[in-house]
Amino acid sequence: MKSDKFLSSFLSLTAFIVSLLILSSATAYASASDGASSFIIVPVWVHVHTNFKGDGGSESIPKIVDYLKSKGYGGVILTPHSARLTFKDFKTEAEKYDASDFAVIAGREVIASKDEGDDDGIVMCHINAVSGIPDPPVLDHKYEAGQRDALIADLKKENAVYIWNHPWACKQWSPSPELFDGIEFFNDIQSVDNYNAEKGFYINALKKGAHPFVVSGIDMHSLVQATIGEFTTYILPDEFNSASMVKALRNGNTIAAFNAKLFKISERPSNTIRNAAGNEFSIKGTLGLKVGLGPKASMIVYKNGEVFTPKNPVTFERGEKLQKGYVTYNFSFGDKIEPGAASCYVFEIPQYVVSSPYCYTAK
Ligand SMILES: [Zn+2]
Ligand SMILES: [Zn+2]
């Protein structure tokens, strides 16, 4: 009996140590509570190609994972070109690296063009999808860009969450940005025109009453691209695991960043329309920007796609240094919500940070 007791106390001690380890890896990321729920802030790479046979990247999955861990990231969404690989095999391989301290999510990039040689880098109508089923069908080259709605119908059938990639390279989809769950930013940040084009599409979706989420897409094929700058999508899930991160993506709990860090935020964006307690809301946060590399930093808030000048002014002020290489800014904005109305707010620091919408209503 004594040994049983020893064994059980040994097991509970082991469980305790394991839970401590899990906790300590999760608490490496900032956490917050927005009243309704608590969440963590996890920096990830979205839109990543690998050297898995059939995809076009030059790096292996473990090399990418090690690199990202060394830079403080907590996850990656891999998006192979899926026409020439068996997705189920890719997913099995990717999930070998999905662990308690780093999330690996297997998505795929779908090309809407029947001509395999049609992508000239000028017109690229592509979608990144994280499927809701383990073995989704090949959708690449099944449709022309003009058959977007049929492609989206297929993606809905597999309960995928889907993102319009490099929107500036597929202007023919621009009249209907509201059809996508998410919109990619910063892919090809070298062009301010491209940034302004994708922002215009996002703003139009908001004006139409849609509330797509945003991601920062690196479109990584080689780790050399990491020297261009930091393409960081902040996912704000309930818990630190890949399932919770996919759920957060579906819920629009994201902030897209380029050469910027999100240190703190009081509430996470969400595509669920929330009830504003006391008929008002207020968001506070702290960001770090690598301003030496980009334009002067300023903050714009949009309400339903229109530039918003709130009664309580937007604050955006330099703060105490928190991390070498980044200038700290503290910000806040808020509004009173009219009963019955539903309004969605987005904040932007042009060319550095774009938030997914915050949507509220009041009783
Ligand atoms: Zn693409
Ligand atoms: Zn790609």
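Modeller: Start at Leu 78. Beyond its neighbours within four places in sequence, Leu 78 is in contact with Val 48, Thr 50, Ile 61, Ala 94, Val 104, Ile 105, Ala 106 and Gly 107. Leu 78 also belongs to the largest nonpolar core, which has 93 residues. Among the residues with the most contacts inside that core are Leu 78, Trp 45, Val 76, Ile 105 and Ala 257. As a general rule, nonpolar side chains in soluble globular proteins tend to be buried together.

Val 48 sits in strand 3, which covers residues 42-48. Is Val 48 buried or exposed? Val 48 counts as buried, because 29 C-beta neighbours lie inside 10 Å; the cut-off for a buried residue is 20 or more. Its contacts, leaving aside neighbours within four places, are Ile 64, Val 76, Ile 77, Leu 78, Thr 79, Ile 218 and Met 220. Look also at Glu 109. In sequence, Val 48 and Glu 109 are 61 residues apart. In space, their C-alpha atoms are 9.4 Å apart.

Next comes helix 2, residues 61-70. What do they pack against? Their partners are strand 3, strand 4 (75-78), helix 3 (87-95) and strand 5 (103-106). The face turned away from the buried side carries the exposed residues Pro 62 and Ser 70. After helix 2 comes Gly 72, with a positive phi near 85°.

Step back to the whole chain. The protein has six helices and 22 strands. Of its 363 residues, 43% count as buried. Take contacts between residues at least 6 apart in sequence: 69% of them join residues at least 24 apart.

How far can you trust the picture? The average pLDDT is 89, and 88% of the residues score at least 70. Residues 1-27 need care. There pLDDT stays under 50, and the model has five contacts beyond four places in sequence for that stretch. Where pLDDT is low, the predicted coordinates should not be read in detail.

Definitions and conventions
Residues are numbered from 1 along each chain as its sequence is written. Chains are lettered from A and ligands numbered from 1 in the order in which they are written. This is a predicted model: local features need pLDDT of at least 70, side-chain atom pairs count only at pLDDT 80 or more; totals for chains, interfaces and linings use all residues. Helices (H or I, at least four residues) and strands (E, at least two) are DSSP runs, numbered from the N terminus. A residue is buried if 20 or more other C-beta atoms lie within 10 Å of its own, exposed if 12 or fewer, and partly exposed in between; C-beta atoms are placed from the backbone. Two residues are in contact if their C-beta atoms, placed from the backbone, lie within 7 Å. pLDDT is the predictor's confidence in each residue, from 0 to 100. A nonpolar core is a set of buried Ala, Val, Leu, Ile, Met, Phe, Trp, Tyr and Cys residues joined through C-beta atoms within 7 Å.
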